[in-house]
Amino acid sequence: MKTRTIGFIGGGNMATSLMSGLIASGHSPQQIWVSDAAPATLQAHRDNLNVNASTDNLKIVQEVDVVVLAVKPQILREVALQIAPLVKQKDSLVVSIAAGISQTSLALWLGGDTAIVRCMPNTPALVLTGATALHANANVNEEQKDLAENILRAVGISLWVEHEQELDAVTAVSGSGPAYFFLMMEAMEKTAIEMGLNEHTARLLVQQTALGAAKIALESAESPTQLRERVTSPGGTTQKAIETFQQNGFSELVSKALLAARDRSIEMSKQLGAD
Ligand SMILES: NC(=O)C1=CN([C@@H]2O[C@H](COP(=O)(O)OP(=O)(O)OC[C@H]3O[C@@H](n4cnc5c(N)ncnc54)[C@H](O)[C@@H]3O)[C@@H](O)[C@H]2O)C=CC1
Ligand SMILES: O=C(O)[C@@H]1CCC=N1
């Protein structure tokens with residue numbers, strides 16, 4: 001497939017992760033455009049990533065084949081309505097990464113004929129280890145599906161969900177998920193220091209342990225339960241820790257947190273969208 005130009009409207013955390021990942025995976029910065037309301041953000045992208053940048057969202061739509069909507073859900077309506085006439089004129093493929101903004105809302109704002117892929121990536125895209133789930137509306141053809149998938153696959157794994165509602169669960173699991181692991185790392189690091197390790201040692205041990213656990217989970221055919229049992233010697237230290245977690249409601253707490261994130265995604269679609 002011929003290399004396509006990609007434009008990001010909104011150049012914040014997630015767009016930075018995606019642009020950096022695309023460039024690291026061999027995409028030419030010259031084929032990437034970004035717009036943002038903050039000129040300083042755009043200058044940083046010019047300086048650090050060497051991409052094309054403009055404060056004018058319409059300029060981005062004009063220049064590119066694929067428009068990625070990467071602004072906060074709260075201002076997506078305003079941006080979508082602004083670019084809608086040009087998107088229609090150019091017959092652009094639009095990819096939205098916004099949490100909690102449905103295909104229904106996007107189609108209402110952008111126009112019912114627009115080819116729209118709604119997806120949920122995550123910030124590890126920055127280091128080419130992202131996880132993205134995508135959903136296409138009925139206007140997206142096979143070539144456009146490949147195009148959207150190729151962009152996200154350049155920065156990690158990507159998979160399609162059949163039902164759009166699944167994206168609420170995806171948001172709770174992998175969209176927000178990196179933050180849960182960072183929270184665990186924060187807590188482990190803090191206690192490691194309280195137990196007498198210096199900051200450098202505490203951080204390094206936690207980071208390497210997280211990496212090792214993720215790597216073994218990915219590479220092994222065994223389930224997380226089996227892998228956990230391999231670390232847990234009967235009557236040993238891990239058993240004490242795991243019992244402490246479980247007696248204090250760890251699994252229930254994780255479940256509650258993910259359900260709250262999933263429900264917030266649904267609530268956002270009602271509050272901010274046209275659902
Ligand atoms: N941060 C994350 O881990 C993830 C975020 N998302 C989604 O990505 C989207 C962006 O999130 P972040 O990058 O975290 O937010 P962010 O706040 O870092 O970036 C948004 C950017 O949009 C710019 N902006 C504001 N008004 C604008 C306008 N009218 N035109 C153009 N740019 C404008 C802001 O200056 C800012 O740089 C959200 O919809 C979020 O739901 C999705 C997956 C993960
Ligand atoms: O917190 C949020 O709403 C966004 C979506 C997933 C990760 N960050």
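Biologist: How many nonpolar, polar and charged residues are in the shell around ligand 1?

Modeller: Start with the classes: Ala, Val, Leu, Ile, Met, Phe, Trp, Tyr, Cys and Pro count as nonpolar, Asp, Glu, Lys and Arg as charged, and the others, Gly among them, as polar. The shell around ligand 1 has 15 nonpolar, 10 polar and two charged residues. This is a predicted model: local features need pLDDT of at least 70, side-chain atom pairs count only at pLDDT 80 or more, and totals for chains, interfaces and linings use all residues. Residues are numbered from 1 along each chain as its sequence is written, while chains are lettered from A and ligands numbered from 1 in the order in which they are written.

Biologist: Which residues come nearest to ligand 1?

Modeller: A residue is near a molecule if its C-beta atom, placed from the backbone, lies within 6 Å of it. Around ligand 1 there are 27 residues, and Gly 10, Gly 12, Met 14, Ala 98 and Ala 99 come nearest.

Biologist: Which residues are around ligand 2?

Modeller: Ala 99, Thr 171, Gly 175 and Ser 176. One is nonpolar, three are polar and none is charged.

Biologist: Is Asn 57 buried or exposed?

Modeller: Count C-beta atoms, placed from the backbone, within 10 Å of the residue's own: 20 or more others is buried, 12 or fewer exposed, in between partly exposed. Asn 57 has 22, so Asn 57 is buried. The residue lies in helix α3 (residues 57-63). UniProt lists Asn 57 as "binding site" in an unreviewed entry; such annotations may be inferred rather than shown by experiment.

Biologist: What does Asn 57 touch?

Modeller: Contact needs two C-beta atoms, placed from the backbone, within 7 Å. Not counting residues up to four places away in sequence, Asn 57 touches Ile 9, Ser 35, Val 79, Gln 82 and Ile 83.

Biologist: Which residues have the most contacts inside the largest nonpolar core?

Modeller: A nonpolar core is a set of buried Ala, Val, Leu, Ile, Met, Phe, Trp, Tyr and Cys residues joined through C-beta atoms within 7 Å. The largest has 57 residues, with Val 67, Val 68 and Leu 69 having the most contacts inside. Beyond its neighbours within four places in sequence, Val 68 is in contact with Ile 6, Gly 7, Phe 8, Ile 9, Val 95 and Ile 97.

Key. Helix = DSSP H or I, 4+ residues; strand = E, 2+ residues; numbered from the N terminus.
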